[in-house]
Amino acid sequence: MAVSKVLVVGGGITGSVLALALAQRGVAVELVEISPQWFGVGHGITVQGNALKALRSVGVLDRVLAKAVPFDLMRLRRADGGLIVELETPHTGGDELPSTVGALRADLQNALCDAVYAAGVSVRLGLSVTGFEQAEDHVDVRFTDGSSGRYDLAVGADGLNSQVRGMLGIETRPHPVGMSIFRVVGERPPEMDCAEVYYGGPRYKAGYSPISDTQCYAYLLDENLDPALIGPRAPLTLLRERGAGYGGVWGRVVAGLPEDTAVDYRWIEAVLVDEPWYRGRVMIAGDAAHACPPLIAQGAAMCAEDAVVLAEMVTGEGELGEILKAFMERRMPRVRAVLDNSLQLAAWEIRPETPGADPARIMSETLEFLRAEA
């Protein structure tokens with residue numbers, strides 16, 4: 001194998017799947033996570049078939065599906081809830097898997113955390129990286145607690161605002177795309193059986209997905225509001241005010257939210273590192289290298305694919321530098337297509353009067369493209 005000991009920085013989807021995939025291939029893996037507690041938090045998540053395929057490859061799919069809600073349709077609706085069109089969504093992970101599932105993000109992350117521990121990965125919490133020195137056959141890494149370690153490869157899977165990216169001298173930074181998102185978890189009405197999106201209302205769009213037998217994940221895409229609102233506790237009154245004008249099931253879900261509902265509000269940002277994602281034996285992957293607006297629901301999928309493909313390649317034969325180059329050549333066209341099309345969708349959401357704007361077409365074409373192997 002090209003590597004026998006690997007450091008993974010970050011315990012989100014990319015880092016967890018990578019650590020698990022490497023450990024299952026016989027690599028000694030250490031994972032450091034800056035949070036002192038490591039478990040799933042947050043709102044709902046829509047997981048496409050190609051992400052499910054990656055989760056199956058590391059053995060956690062059954063646990064995720066036990067709590068998630070699978071569906072193969074998406075409905076587009078008018079702001080008042082009237083139906084525009086019902087679309088079958090492509091099976092990007094293969095016909096034997098659901099095209100999409102809605103899940104509670106906590107359920108997905110908890111399944112990954114438990115599997116990582118069970119695989120024998122050394123997990124260190126409340127810890128990050130302060131620097132590294134590279135040699136031809138190893139990299140020495142310094143940690144925030146004063147300790148250090150020697151590895152064959154170090155991978156920064158530390159997200160959109162990656163510190164490892166900066167340590168590599170990569171100057172690319174995330175940029176706002178011009179829209180923001182409110183997210184909540186609410187009560188799932190009995191008639192909600194798939195993801196639905198509402199167009200033509202006072203904001204860019206609203207939507208929801210079922211994520212369990214009793215819960216749903218609802219969201220509102222809006223212009224960028226006061227950055228002081230950013231965080232997990234935006235006012236519910238503001239979501240209701242900004243979402244006024246959307247009816248149907250969406251309106252009922254938001255109207256029925258308890259007053260203490262946690263409302264997550266974020267500006268949507270994107271990033272794509274065009275240059276190599278690695279320098280010697282240190283690299284970035286997942287959202288640290290590429291992050292797209294959540295308009296095709298491919299963020300988790302691109303991260304999980306990165307992890308599985310990287311683990312497969314670095315546990316093969318060959319020189320590490322050539323393997324990382326080949327990894328980039330394999331992944332870049334796929335992540336670029338997803339990012340470019342997600343940004344196009346964002347532009348059309350912001351300016352729906354754009355001649356030729358056709359969100360349903362570009363979404364379907366992207367998902368068809370993603371049927372190919374990662």
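This is a predicted model: local features need pLDDT of at least 70, side-chain atom pairs count only at pLDDT 80 or more; totals for chains, interfaces and linings use all residues.
1. The open sheet is built from six strands, whose order is E8-E2-E1-E12-E20-E19 and whose pairing is mixed. Its edges are formed by strand E8 (122–125) and strand E19 (278–279), each of which pairs on one side only.

2. Within this sheet, strand E1 (residues 5–9) pairs with strand E12 (residues 153–156) in the parallel sense, over four bridges, and Val-6 has Leu-153 as its bridge partner in E12. Helix H1 (residues 13–24) lies across E1 and E12 and also across strand E2 (28–33), and the direction of H1 is at about 165 degrees to that of E2.

3. In helix H10 (residues 359–369), the buried residues are Pro-359, Ile-362, Met-363, Thr-366 and Leu-367. These residues lie on the same side of H10, because the arc that they cover around the axis is only 130 degrees. The elements that cover them include strand E3 (44–48), strand E5 (73–78) and strand E14 (195–199), together with helix H9 (320–350).

4. Thr-89 is found in the loop between strand E6 (83–88) and strand E7 (100–104).

5. As to the surroundings of Thr-89, its side chain is joined to that of Ser-99 by a polar contact of 2.7 Å. When neighbours within four places in sequence are left aside, the residues in contact with Thr-89 are Asp-72, Leu-73, Met-74, Ser-99 and Thr-100.

How values were computed. Residues are numbered from 1 along each chain as its sequence is written. Side-chain values use heavy atoms; hydrogens and water are left out. Two strands pair if DSSP finds at least two bridges between them. Helices (H or I, at least four residues) and strands (E, at least two) are DSSP runs, numbered from the N terminus. Contact means heavy atoms within 4.5 Å. Axes are lines fitted to C-alpha atoms, for helices over the stretch in contact, and angles run from 0 to 180 degrees between N-to-C directions. Buried means under 20% relative accessible area, exposed over 50%, partly exposed in between (1.4 Å probe, protein chains only). The arc is that of the directions from the helix axis to the C-beta atoms. A polar contact is a pair of N or O atoms within 3.5 Å; within protein, one must be able to donate a hydrogen and the other to accept it, and residues adjacent in sequence count only if both atoms are side-chain atoms.
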